Amino acid sequence: MSTHAPHHAERPRAVLALDPPSLADGLFPPDVRSRLDDAVELDPHVVTEVASPGARRRLADAEVLVAGWGAPRVPTELVPRLRAVVYAGGVAATCLADPAGLAARGVTASNARAANAVPVAEYTLAMILLANKRVHAAERTYRERRRTPDADRLLARTGNFRRTVGIVGASQVGRRVAELLRPFDLDVLVHSPELPPGPVPSMPGVRSAALEEVAARSDVLTLHQPLTPETAGMIDARVLGLLPDGATLINTARGGVVDGAALLGELRTGRIDAVLDVTDPEPPAPDDELWSLPNVVLTPHVAGSTGTELGRIGESVVAEVERFARGLEFAHPEELARWAR
């Protein structure tokens, strides 16, 4: 599918849609912003809403919508000249009121999911290695007792040699995690509905298996499936009950893929641990028991791109805009037609 960039001497007109507008500075530091300005005629104002006359005027002229977190949902009638959407996030369709309608009009889209997968996978790798070493438990005990803990008791079942990591979801993040785990002496299993049982050619050293087997064998089970009607609550009491004693559940996917009540029930027993970067709701209620359980590590949805990592997303976005301006296909396309109402 071609992006069908305009074949005239002028650069395509582009509009940024983000909120807060300062996010643009993190995504596009000066050298990257210069590339963006070279590729398109970029409106200097950032669109944060679609109601004002100024925002509507800018959108009416836009051939390229460069959008990201906090962008308003743009009605189709406000973008009559739109040819492409390049999204600094996982799903470009989230900033469009009628993605399929725009697709029918020939509008193409790209997202930065691959760029954002990198820090999520790096966070996951770090937490896997720390979980198998039981670093968080050791730190808590050390801090509480203020003396060297009993190594025979605390450290007997720790380490990353010949342990098993289970990955749920062969998404871009899940595949990246498997790639990062390759240098370690770990057995890696994956469960994803599209993968037949057995070795996965596209994931060297990884074997696909049923969810039940993956859960039952995993010292660490890490979740990377999307939240859909099919995956909502799929990590339920049955699956959690299959985890070995001392196992750790890591969730950087979405809180809703886990049955929260079932997870809380398991965590209360102290039988398993959890590292939760996402919860449902997010954040947990102030009186939620997750805050106080000693075998839970809670982080505030920081696995994805933060700080300097935004620059990786910005570079991905600009590279896609440059491709569009040259009449090339997107390297990371998103199919808007699948978002039919």
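**Reading a helix pair and a pocket**

Me: In this predicted model, why are α2 and α12 described as roughly parallel to each other?

Reply: The general idea is that an angle under 35 degrees counts as roughly parallel. Here the axes of helix α2 (residues 30-39) and helix α12 (residues 310-325) cross at roughly 15°, so α2 and α12 are roughly parallel to each other. Their axes come within 9 Å.

Me: Is the crossing of α2 and α12 left-handed or right-handed?

Reply: The crossing of these two helices, α2 and α12, is left-handed.

Me: Which residues in α2 meet residues in α12?

Reply: From α2, the residues are Val-32, Arg-35, Leu-36 and Ala-39. On the α12 side they meet Gly-314, Glu-315, Val-318, Ala-319, Val-321, Glu-322 and Ala-325. Sorted by class, this contact of α2 with α12 has seven nonpolar, one polar and three charged residues.

Me: Turning to the largest pocket, how much space lies in it, and which residues are the closest to its centre?

Reply: The largest pocket holds about 1300 Å³ of space. Its lining consists of 43 residues, and the closest to the centre are Gly-90, Val-91, Arg-113, Pro-226 and Arg-254.

Me: Which elements give two or more residues to the lining of the largest pocket?

Reply: They are α5 (113-133), α8 (172-181) and β14 (333-334). The largest share, four residues, comes from α5.

Me: What classes of residue does the lining of the largest pocket have?

Reply: The lining has 20 polar, 16 nonpolar and seven charged residues.

Key:
Residues are numbered from 1 along each chain as its sequence is written. This is a predicted model: local features need pLDDT of at least 70, side-chain atom pairs count only at pLDDT 80 or more; totals for chains, interfaces and linings use all residues. Side-chain values use heavy atoms; hydrogens and water are left out. Axes are lines fitted to C-alpha atoms, for helices over the stretch in contact, and angles run from 0 to 180 degrees between N-to-C directions. Angles under 35 degrees count as roughly parallel, over 145 as roughly antiparallel, 65 to 115 as roughly perpendicular and the rest as oblique. A crossing is left-handed if the near helix is turned anticlockwise from the far one by less than a right angle, and right-handed if clockwise. Contact means heavy atoms within 4.5 Å. Ala, Val, Leu, Ile, Met, Phe, Trp, Tyr, Cys and Pro count as nonpolar, Asp, Glu, Lys and Arg as charged, and the others, Gly among them, as polar. On a 1 Å grid over the protein atoms alone, a cavity is a set of points where a 1.4 Å probe fits but cannot get out, and a pocket is an open set with protein on both sides within 12 Å along at least five of seven lines; lining residues have an atom within 4 Å of a point. Grid points are joined across faces, edges and corners, and a volume is the space filled by probe spheres set on the points.
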